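Subject: Structure handover

Hi,

Here is the structure I promised to pass on. Please open it and keep it beside you while you read my notes.

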Amino acid sequence: MIKIHLSTILGKYRMTQAELARKTGIRPATICDIYNEMCDRINLEHLDRICEVLNCDISELLEYQPNKIKKTGKNLIVEQNGHRKMNKK
């Protein structure tokens with residue numbers, strides 16, 4: 001699982017989501033999704049802008065935590081259309 005620490009970093013700098021949106025040029029709704037860890041994907045350009053404004057490294061913003069239930073290997077089931085299907089036991 002990937003954890004996003006944007007809320008922690010913004011708190012450290014006492015910066016609002018709206019202020020970050022203005023400084024980065026990223027839509028406020030997109031910042032909100034990243035802040036609340038509600039996004040499936042993050043645009044690399046957005047990550048670059050966020051790190052530049054917050055003067056942080058990508059490793060401070062994103063963290064990998066191993067999944068309790070594996071999503072790869074024998075647990076990976078791919079449908080004909082290429083999408084992953086949940087393994088039901």
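This is a predicted model: local features need pLDDT of at least 70, side-chain atom pairs count only at pLDDT 80 or more; totals for chains, interfaces and linings use all residues.

**Confidence**

The protein chain has an average pLDDT of 88. Of its residues, 85% score at least 70. Among the elements, helix H2 (residues 17–24) has the highest mean pLDDT, at 98. Strand E4 (residues 84–85) has the lowest, at 59.

**Thr24**

Thr24 lies in helix H2. Is Thr24 buried or exposed? Its relative accessible area is 7%, and buried means under 20%, so Thr24 is buried.

**The core**

The largest nonpolar core has 16 residues. Leu6, Leu10, Leu20, Ile31, Ile50, Leu54 and Leu61 have the most contacts inside it. Which elements give two or more residues to this core? They are helix H1 (6–13), H2, helix H3 (28–35) and helix H4 (44–54). H4 gives the most, with four residues.

Leaving out residues up to four places away in sequence, Leu61 touches Lys3, Ile4, His5, Leu6, Ile9, Leu47, Ile50 and Cys51.

**Helix H3**

The buried residues of H3 are Thr30, Ile31 and Ile34. Why do they sit on the same side of H3? They cover an arc of only 100° around the axis, so they share one side of H3. In general, an α-helix has 3.6 residues a turn, so residues three or four places apart point the same way. The buried residues of H3 pack against strand E1 (2–4), H1, H2 and H4. Just after H3, Glu37 takes a positive phi of about 55°.

**Cysteines**

How many disulfides are there? The count comes to zero, with a cut-off of 2.5 Å between cysteine sulfur atoms. Cys32 has a relative accessible area of 31%, so Cys32 is partly exposed. Cys39 counts as partly exposed as well, at 22% relative accessibility.

Best wishes

Definitions and conventions: Residues are numbered from 1 along each chain as its sequence is written. Side-chain values use heavy atoms; hydrogens and water are left out. pLDDT is the predictor's confidence in each residue, from 0 to 100. Buried means under 20% relative accessible area, exposed over 50%, partly exposed in between (1.4 Å probe, protein chains only). A nonpolar core is a set of buried Ala, Val, Leu, Ile, Met, Phe, Trp, Tyr and Cys residues joined through side-chain atoms within 4.5 Å. Contact means heavy atoms within 4.5 Å. The arc is that of the directions from the helix axis to the C-beta atoms.
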